[in-house]
Amino acid sequence: MRNDTPIIIGLIAVLLLWPLVMGDYAVSQGNRAMIYALMALSFSVLAGRLGWFSLCQTSFAGISGYTVAILGVKYGWPAGAVIPTAILVAVAFAVVFGLLTVRSRKVSFLMLTLALGQMVWALSFQWVDMTGGYNGISGIRMPMVLGINFNDDRIFFALLAVVTLLMFLGVRRLYQSRFGLLLLGIQENEERMRALGHPVYLARFVAFVLAGAIAAVAGVFLVFDMGIMSPSPLGLDHAVWVLTAAVLGGYRTLWGPALGVVILVALEALVSQFTDRHTMVIGLVLLLCILLMPRGLAEVFGQFRNRKAKSATASS
Amino acid sequence: MAEPIIEVTGLDAHYGLSHALHDLHLQVGRECVALMGRNGVGKTTLARALLGLTPPRAAGTIRVFGTDVQGMSPHRIARLGVGYVPQGRRLFPSLTVDEHLRLNLRAGPTGEAWTVEAVYDLFPSLGQRRKSFGNQISGGERSMLAIGRALVTNPGCLILDEPTEGLAPSVVETVAQGLRDLSQGGVAVLLIEQNVKAAAMAADRAYFMAEGHIVHEATDKAAMTDDEVLGKYLGVSA
């Protein structure tokens, strides 16, 4: 993997300064960006390492979000019990979905995750007794811990920034590990990997559950950030939004998905100031980006850096 | 040949309507055995049957290290200690030379004798290309890496499908010598080959295949390079 220490240092600097210098709106958009960056990361672990384009990663976030809302608001569980339970419930769903999808490939995987995601979405508004239907469940608040009020956007930002950074560094480690290499090899040719003695299905299953766990963590932050859980984050449009961000940024790289999310969030915030037809403008920008940079922004930057490094060594 | 590592008895295999292998009997001990024949006679089919890849409808038994491997999944067969070097090398373009080796490094029947560095010692030119990707190295290096990738699994048995195909004569010699050393070190080597020189250099004896049958067995080097046999089954002369 390319040396990305400057990216990490730069990112830490931005995350430290952002809540200190930026206004309330920018901080809340920053929170949203980090939550969706985690979902895009979850998507990219599968898409970039295994060639598996999933439309149900946002469902895992939705499941953990609903679990927080239901247990916390309806049953009055304390947050300390709600949060780990929510992640476990979402991971349990990932285990089941993983067993169903592990033998599928490419298009069949996409269709299976579409179907599973739509089932969870339908459940979220049809199981009215439990989920509150379209109205959802409101009144979800972060707990006070040691006198710190995590409902404050800036304190929430700090906590989320730490978790997001740790998750990305964890996945970075994963990509560099033998397991990460194994996934890449499986994407290229699973039969060859089998002949070399690697348990292909097991590896894919583990990757699927790991990606589900990342999305589950995103879901916990999502529900506390919004203060309300409704079916909309489980909808297909959100799944497609995450896919778009990851593809735009470069789903085969570690930082690409985060970059894609930041650009989309920034575009939405900027363009909507000038026109009501902001989705059309954004669509046009995306169209151009994907036509001109089919492998995503992060890979374009990477190639640019490589070329600079090459010309530097050539001239010295 | 005290204990056969690979033991094929009465193997019959069908793919769809075609009868690919007919009543094959073959044994490989701790030695290097060549499997020779023209294109399309069933050599690769046999290798794939040994490895459990796309299992054909088959009768007969295949034993590897004394275990009946018919119907076993390929990764379990590989974990018994079977290394495979597929035809055309088949490397991973997105992995570097070093990553190919690191990924597959594990203890096997030969313990942990084969390390990443040991492969670089065997093939020094590979050691200079550690950071190159699988599609950025020369044909000879690809062949060496495909063999190295199998070696780091520390196999007790190595199956190679035309590893010298398309290589320069000097590189063929390096590869053949490497295989010879391996078999003398106690690894069972089954070498599928059309290159008579490479086979004669590496192997102690040979089976000849034609149209899905084993049609001839050469029990020593002299018999392997016999002009009449080569002319009949390979269409070449030594």
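This is a predicted model: local features need pLDDT of at least 70, side-chain atom pairs count only at pLDDT 80 or more; totals for chains, interfaces and linings use all residues.
Biologist: What makes the radius of gyration of chain A agree with that of a compact globule?

Modeller: A compact globule of 316 residues would have a radius of gyration near 20 Å, and chain A has 20 Å, so the two agree. The C-alpha atoms of chain A fill a box of roughly 65 × 50 × 45 Å along the principal axes. Within chain A there are 14 helices and four strands, and buried residues make up 41% of its 316 residues. Among contacts in chain A between residues at least 6 apart in sequence, 75% join residues at least 24 apart.

Biologist: How do you know that the span of H4(A) agrees with its number of residues?

Modeller: At 1.5 Å a residue, the 23 residues of H4(A) should span 33 Å.

Biologist: Which residues of H4(A) are buried, and what do they pack against?

Modeller: The buried residues of H4(A) include A:Val82, A:Ile83, A:Ala86, A:Ile87, A:Ala90 and A:Phe93. Also buried in this helix are A:Ala94, A:Phe97, A:Gly98 and A:Thr101. They pack against helix H3 (57-74), H5 and helix H10 (200-226) of chain A.

Biologist: How do H4(A) and H5(A) pack, in terms of angle and axes?

Modeller: Helix H4 (residues 79-101) and helix H5 (residues 106-126) of chain A pack at an angle of about 145°, with axes 10 Å apart. The crossing in which H4(A) passes H5(A) is right-handed. From H4(A), the contact is made by A:Phe97, A:Leu100 and A:Thr101. From H5(A), it is made by A:Phe109, A:Leu112, A:Thr113 and A:Leu116. By class, this contact has five nonpolar, two polar and no charged residues.

Biologist: Why is A:Ala213 called partly exposed?

Modeller: A residue is buried if 20 or more other C-beta atoms lie within 10 Å, exposed if 12 or fewer, and partly exposed in between. A:Ala213 has 19 other C-beta atoms within 10 Å, so it is partly exposed. Its place is in helix H10 of chain A. Leaving aside neighbours within four places in sequence, A:Ala213 is in contact with A:Ile87, A:Val91 and A:Ala94. The C-alpha atoms of A:Ala213 and A:Ala246, which are 33 residues apart along the chain, are separated by 18 Å.

Biologist: What makes H3(A) a helix described as mostly covered?

Modeller: Of the 18 residues of H3(A), 14 are buried. The 18 residues should span 26 Å at 1.5 Å a residue; the end C-alpha atoms are 25 Å apart, so the span agrees. Just after H3(A), A:Gly76 takes a positive phi of about 65°.

Biologist: Turning to chain B, what makes H6(B) mostly covered?

Modeller: In H6(B), 12 of its 13 residues are buried. Among them are B:Glu141, B:Arg142, B:Met144, B:Leu145, B:Ile147 and B:Arg149. What covers the buried residues of H6(B) includes strand S6 (82-85), H3, helix H4 (116-122) and helix H7 (169-184) of chain B.

Biologist: How do you know that the span of H6(B) agrees with its number of residues?

Modeller: The 13 residues of helix H6 (residues 139-151) of chain B should span 18 Å at 1.5 Å a residue. Its end C-alpha atoms are 18 Å apart, and so the span agrees.

Biologist: Why does B:Glu211 count as partly exposed?

Modeller: B:Glu211 has 14 C-beta neighbours inside 10 Å, so it counts as partly exposed. B:Glu211 is in the loop between strand S9 (205-210) and strand S10 (213-218) of chain B. Although not a glycine, B:Glu211 has a positive phi of about 45°.

Biologist: How many residues of chain B are in contact with chain A?

Modeller: In chain B, 19 residues are in contact with 16 residues of chain A. Helix H2 (74-79) and helix H3 (97-104) of chain B each supply at least two residues of the side that touches chain A. By class, that side of chain B has 10 nonpolar, four polar and five charged residues.

Conventions
Residues are numbered from 1 along each chain as its sequence is written. Chains are lettered from A and ligands numbered from 1 in the order in which they are written. Two residues are in contact if their C-beta atoms, placed from the backbone, lie within 7 Å. Ala, Val, Leu, Ile, Met, Phe, Trp, Tyr, Cys and Pro count as nonpolar, Asp, Glu, Lys and Arg as charged, and the others, Gly among them, as polar. Axes are lines fitted to C-alpha atoms, for helices over the stretch in contact, and angles run from 0 to 180 degrees between N-to-C directions. A crossing is left-handed if the near helix is turned anticlockwise from the far one by less than a right angle, and right-handed if clockwise. The radius of gyration is taken over C-alpha atoms; the globule rule is 2.2 Å times the number of residues to the power 0.38. The expected span of a helix is 1.5 Å times one less than its number of residues.
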